[in-house]
Amino acid sequence: MTTLLAGPGGRTPGGRRAAAHPGRYRGLWNASPLTYLTLVVALALSVFPIYWMIIVATRTNSVVADVPPPLLPGGHGGDNVGRLFDNPEAYFAKGLLNSAIASAAVTVSTVFFASLAGFAFAKLRFRGKNGLLLTIIATMMIPVQMGIIPLYMIMVKLGWQNHLQAVIVPFLVTGFGVFMMRQYADQAVPDELIEAARVDGCTTFGIYWRVVLPALRPAAGVLGLFTFMQTWNEFMWPLAVLSPDNPTVQLSINNLANAYFKDYTLMFAGTSVAILPLLVVFIVFGRQIIGGIMEGAVKA
Amino acid sequence: MTTDLRPSRNGPPPASPAPARPGPPPTWRSRLARLDVKGAPYAFISPFYLVFLVFGAFPLVYTLWVSLHDWELASGTRKFVGLDNYDYLLSDADFWHATVNTLGIFALSTVPQLVLALLIANTLNRRMRLPTLFRIGMVAPLVTSTAAVAIVFTQMFDKDWGMINWAIGLVGIDPINWSSSRGWSWAAIAMMVDWRWTGYNALIYLAAMQAIPKDLYEAAAIDGASRLRQFWQITVPMLRPTIIFTVIISTIGGLQLFTEPVLFSVGTPNKMDGGPMHQFQTITMYMYDNAFGHDRYGYGATVAWALFVMIIVFSLINFLAVRRTGGTK
């Protein structure tokens, strides 16, 4: 057949079996047993702590004393999760609900406002555009936590302390999101399409809604995924502004760790439930996540 | 005049804004259309600026103002003290102790993390079976919650019941009391950080590696360069911009380290202390503890600004250092 020199490790058009590639590439791209060994070890190390968490969550507390440690799940997962939700100090159900609401709200809003602004920066003409875009890039460098003390004072002034909007409103749109959507819109949306829609009498928002947003869907998906994960994962700011009886799910497991730090099965049941949505996202959208990281679309 | 008369990349020349040009009698409808064309862009970008100004820029600047005060929320004290807080910061042994901890954990985590990521990326950059499986496996840690994983690792590092002490016991090493000594606690926290971020960095490097033209390697192979030599003399130099990016991202993240050390303190009375001897208290924990733990918002803000300056300085230093290494010959 023909050469089949796709990117190394990348998919080749005719399937992944590229039996005959030129000899001098052998040494470079052909994986040796050592390569596989390295990768399998790396894979095991990166998955093991998550696996271990699930094992402990399905066993009884004696597990920590077992030598060697058990490597298969036990039958107590249901009991442990039950204890978790019955636990009066963790506020676990409330934590889950709060996290779900906050993550969904921040995700929808970030994708919407970031794509709107990204469209404007990529495709519309207005005075001061370049300067404004530069300020957006500059804002990406500023870690939000640096302003955490005044942010808290603002919340006190607004009376939002211990209210869920405190973990939503400050994150409704990010400079990073705007920048990412601009980069994508610049390439993905042909100018002709926009001009045509305008000639047809579309308003600017109509163009966004009917022409641009559909074209931005892949990038919007990646931005949405990562925004959701980040919001779900946030720890420091909710810890500062929410109280233990109105937690996010991360604060719920923190409550458990404070009060029951020797009850490993309870704590691990908590951590397992807390990362469940992330694991689902990961299993369903793993490829898109990898794509997002490798295209540089994802900031740490 | 206006800024952007250039056509957007490979597009046609800019269409004349004909529809918006006022015809002889400007009708109500055409005025509206004109307003739409002129105003819509600003309306579209304004939500970001609104949110950023109120919750991003203002707090950062206001932090500076707060840091010039003796400011307590609970007691209602608010007294302007000028640079007193900064003066105190310079001689505050606890702050410098936390700074050394932060830099220690940062160094212990970042260097192995990036070196390992580079090696893993180089390995992933070969023709192999199941490439997607391996790549997905590498980012599994990233797609978990930091707090949850910190709890799991803390159990694994437990002195008596932890799996890690059990495992090193198999090869005859005595159990280590991970959380009690300064060096070991730094190492344990660094491992949590590495576990989370190595795969992410590996994928970033992999993406950059795939953009390196293969004829470079071909030519080097013809000249008789070994694989190792090709790695150091082609791959690494070609990756320099990417390495700079990852170093800066790691610097910003590493200097703000918070969740892992806080949860590593389970079972201690004040989790912001970072252990009874403050052996792994980071700057961010110290800032948090001052403001939210001891009602010293003014001094907390001072620590925040010191940290902000430190992040900028370290990012610059790292940027220059990485740019120089392996630079011009």
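Is Thr35(A) buried or exposed? With a relative accessibility of 3%, Thr35(A) counts as buried, where buried means under 20% relative accessible area, exposed means over 50% and partly exposed lies in between, computed with a 1.4 Å probe on protein chains only. Thr35(A) sits in helix H2 (residues 33-57) of chain A, helices being DSSP runs of H or I with at least four residues and strands runs of E with at least two, numbered from the N terminus. Leaving out residues up to four places away in sequence, Thr35(A) touches Thr123(B) and Arg126(B), a contact meaning heavy atoms within 4.5 Å.

Residues are numbered from 1 along each chain as its sequence is written, and chains are lettered from A and ligands numbered from 1 in the order in which they are written. This is a predicted model in which local features need pLDDT of at least 70 and side-chain atom pairs count only at pLDDT 80 or more, while totals for chains, interfaces and linings use all residues, and side-chain values use heavy atoms, with hydrogens and water left out.

A threonine of chain B can be described in the same terms. Thr246(B), which is found in helix H10 (residues 240-255) of chain B, is buried at a relative accessible area of 1%. Apart from neighbours within four places in sequence, Thr246(B) is in contact with Leu114(B), Asn201(B), Ile204(B) and Tyr205(B).

The next topic is helix packing between the chains. Two packed helices are described by the angle between their axes and the distance between the axes. Helix H6 (residues 148-158) of chain A and helix H1 (residues 28-66) of chain B have axes that come within 7 Å and cross at roughly 110 degrees; axes are lines fitted to C-alpha atoms, for helices over the stretch in contact, and angles run from 0 to 180 degrees between N-to-C directions. H6(A) is therefore roughly perpendicular to H1(B), given that angles of 65 to 115 degrees count as roughly perpendicular, under 35 as roughly parallel, over 145 as roughly antiparallel and the rest as oblique. On the H6(A) side the contact is made by Pro150(A), Leu151(A), Met153(A), Ile154(A) and Met155(A), and on the H1(B) side by Val54(B), Phe55(B), Phe58(B), Pro59(B), Tyr62(B), Thr63(B) and Val66(B). By class, this contact has eleven nonpolar residues, one polar residue and no charged residues.

Chain A as a whole has 13 helices and zero strands. Of its 300 residues, 53% are buried, and among contacts in chain A between residues at least 6 apart in sequence, 69% join residues at least 24 apart.

| Span | Helix | Strand | End C-alpha separation |
|---|---|---|---|
| Residues 96-285 of chain A | 74% helix | 0% strand | 21 Å |
| Residues 99-320 of chain B | 73% helix | 0% strand | 22 Å |
| Residues 160-179 of chain A | 25% helix | 0% strand | 29 Å |
| Residues 207-229 of chain A | 96% helix | 0% strand | 30 Å |

As for confidence, the model scores ipTM 0.86 and pTM 0.87. Chain B averages a pLDDT of 88, and 91% of its residues score at least 70, pLDDT being the predictor's confidence in each residue, from 0 to 100. Over residues 1-18 of chain B, however, pLDDT stays under 50, and for these residues the model has 24 contacts beyond four places in sequence.

Technical notes: Nonpolar A, V, L, I, M, F, W, Y, C, P; charged D, E, K, R; others polar.
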